[in-house]
Amino acid sequence: MIKNYLKIAWRNMLNNKVYSGLNIVGLAAGMAVALLIALWVFYQYSYDRFLPNYSQLYQVELNFTDQHEGEHTQQAVSIPISDVLRKEYPEVKYVAESDWMGQHDLLVGNKKLYMNGAAIGSDFLKMFQYPLIKGNVNSVLRDAYSIVLTESTAKALFGDADPIDKTVRIDNKHDVKVTGIMKDVPKNSSLQFNYLLPFSYSEQTEDWMKNARTTYYNNSFQMFVQLQSNANYAQLAPKIKNIVYNNGPKMRPAKPVVLLHPLKYWHLYSDFKNGKEVGGFIDYVRMFSIIGILVLLIACINFMNLSTARSEKRAREVGVRKAIGSQRRDLIFQFLTESVLITSVAFLLSVLFVQLALPSFNTLTGDSISIPYGNPVFWCIMISYVFVTGLMAGSRPAFYLSSFNPVKVLKGSIQVGKAAALPRKILVVLQFTCSIALIISTVIVYQQIQYAKNRPTGYSADRLIMTDMSGDLSNNYSALKNDLLQTGVVESVATASSPVTGIYMHTGVEKWPGQGAGELGLNVGGISVSDNYLKTVGMKLIQGHDFSSNWSTDTSNIIINEAAVKRMGLKNPLNQLITYDHIKGPARIIGVVKDALMESPFTPVEPTVFNHGRGGNYVIYRLAANVKTHDAIDKITKIFNMYNPAYPYIYQFVDDEYNNKFNLEVLVGKLAGVFAGLAIFISCLGLFGLAAYVAEQRTKEIGIRKVLGASIAQVWLLLSRDFIVLVGISCLIASPIALYFLSNWLQKYNYRISIGPGVFVLSAVAAIIITLITISFQAIKAALANPVKSLRSE
């Protein structure tokens, strides 16, 4: 029987090639989108799950809340917390401090690599069990001057030779011995690095870390813990929350609360409220999961509509089958079998679509997603996916077709096509409601990105370049600066402890004029800069003067931004004295600079203090306006290589770094746009098929109208009008739904657009134009047909 059903289904597909093609392509596109999104969602949930004990791993973080600054949760903590956790809490099995050092130079012979690495505590590799190819986890980083390399890094430095016990020179300053090789870190790991050093290495080689173990002021480190297998974090949380407040300085407006962030939430949950994970990237994962379901639903609606619209072609078959004894359940089973067969063909095509789309999709998202062909679990899920989709798509046609009365059908007294008209119209409205809502969402996301990009930054990113102050650059800075200026391709040079697009250190202002009674300290961003910094980056002084070229005369002077003035309530800030943690003794305000966007472009500018410092972590320089960038970089490269031969010359344009802050929103916008386009495409496939069916059903009516004098435009309007009304209704339904969800999405941004009526009107017009283009082919074709042929049988 099943063989007979499959044979009939196959013959029906071949006899109705156009409609079967529309059904299969529409279903395949919808299934491909759903499958692609499902693979992407699974990949996001797979982060860090490869670690054996990931459920017991946490990161130590600090949460602050006060009436002025709001709530803030940070990953940067101080080292003394680790000693307290080790000694006083038996629930904690391991603690590992870490200094994520950024990029440093690895030198072996004439090979030099500039790579990311970290200095980590002795228990790190016991907690994060990345597979070691060579070396023992208990001793591999015991010596302060040892190093563990990833497999690809070792290959790049030593080729095919055994790297164990060989020497690598770090930053052209210190030699370390290779004691271990580990497999490359998977891309779906929250922690990414190319090498690991002992934490004691940083303590012994970095001057700024000399007193790190004894002070709670230095929140510059990341810290990880592993709980005992029988420990419960919910019970531990109230015990550890006051570690910093009880042991450290009481200088904050609100006491810092120590919390543990579970590893399983690192990738997806980065937003906190009252110290609890409440959102983050998980919001977008859920959003695209819903989009995948909606696109699949749109494809299934296509199948339902085209199947019920063509019901008149199958009516006599149903009548004959019922007349010779077929039960309704047999007919339902037959039609569902046909649906599953078509869905199976569509699934094979969808796998091909996904395979072809994956390289571009991975490039867009930065992920490494692939179809797990060799995984039997995947195929079990896919079989269920095909079966469920087939049932969902074929359910209404099966129950509708099997309900026909055989006597009426065989007499020809029932008009089966019209019986399904209203439900079919409802499904078309539902289909286009989803598609139009996606169009509106794409437009709003784009507008929000452009709105933030057009926000004044407070500095000039044009032709501004940053380079890490690595190796010998600090010692040779004066000569480097002079040579750069003498080339004529650089017009200004400065140094800073943070990049122009970020603030790497947060510290405290303990006292200031007008401070309220009982009001404790203020958390501010702290940046040490050289003279000429404000001129180089293009920041504007609105009061006072810049730092002088003589560092010794400015050791106690600071410049603050407008946000700091406002937060401290200073009416006349110049020459006021405040207590700033980064300067011994009172600090004098000599200038006020206009607010600059150094952190997120979507949030308010935070209070920031600039002090005059020597050295710094970044060399910042601006190219002259009249030079070609390529020629300028060639000249600059030679100078940097002369003064810092052990390091490759690496640079970042500030405008590129600033644009990187929009990566997530740009990704969301692009994905929403792609999926909205696919949703519209699938909807239009169904609309095209329905338009062809309507034109076929009304062939004689059109012929009579043309004989009576109807023009081509009148016939076109006759066939198009119903579809335009349905799309118009969809616009009215989609607009408030999209407004509700997009308004909630925009609430996460302090700096955001207001949604006006224009976007809804634009989306409605676009949807109607697309609809007209889709159905006009069939409408004009019917209008141009010779009425003699259509009326010949009358």
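**Entry 1.** I started in the loop between helix H5 (151-158) and strand E7 (167-170), which is where Asp165 sits. I'm working with a predicted model here. I checked the backbone and got a positive phi of about 70° for Asp165, although this residue is not a glycine. Next I asked myself: is Asp165 buried or exposed? Asp165 has a relative accessible area of 52%, and over 50% counts as exposed, so Asp165 is exposed.

**Entry 2.** Then I went to the loop between strand E17 (522-529) and helix H17 (533-537), where I found Asn532. Asn532 isn't a glycine either, and its phi is positive, near 75°. I looked up the accessibility too: Asn532 comes out at 22%, so I wrote it down as partly exposed.

**Entry 3.** On to the helices. How do the axes of H22 and H23 cross? I noted that helix H22 (residues 699-707) and helix H23 (residues 712-746) have axes that come within 10 Å and cross at roughly 150°. Angles over 145 degrees count as roughly antiparallel, so H22 is roughly antiparallel to H23. I also jotted down that the crossing of H22 and H23 is right-handed.

**Entry 4.** Which residues make the contact? From H22 I listed Glu701, Ile702, Arg705 and Lys706, and from H23 Val715, Leu718 and Leu719. I sorted the residues of this H22 and H23 contact by type and got 4 nonpolar, 3 charged and no polar ones.

Note on methods:
Residues numbered from 1 in each chain as written. Predicted model: local features only at pLDDT ≥ 70, side-chain atom pairs only at ≥ 80, totals over all residues. Heavy atoms only, no water. Helix = DSSP H or I, 4+ residues; strand = E, 2+ residues; numbered from the N terminus. Buried < 20%, exposed > 50% of the residue type's maximum accessible area, 1.4 Å probe, protein only. Axes fitted to C-alpha atoms, helices over the stretch in contact; angles between N-to-C directions. Parallel < 35°, antiparallel > 145°, perpendicular 65-115°, else oblique. Left-handed = near helix turned anticlockwise from the far one by under 90°. Contact = heavy atoms within 4.5 Å. Nonpolar A, V, L, I, M, F, W, Y, C, P; charged D, E, K, R; others polar.
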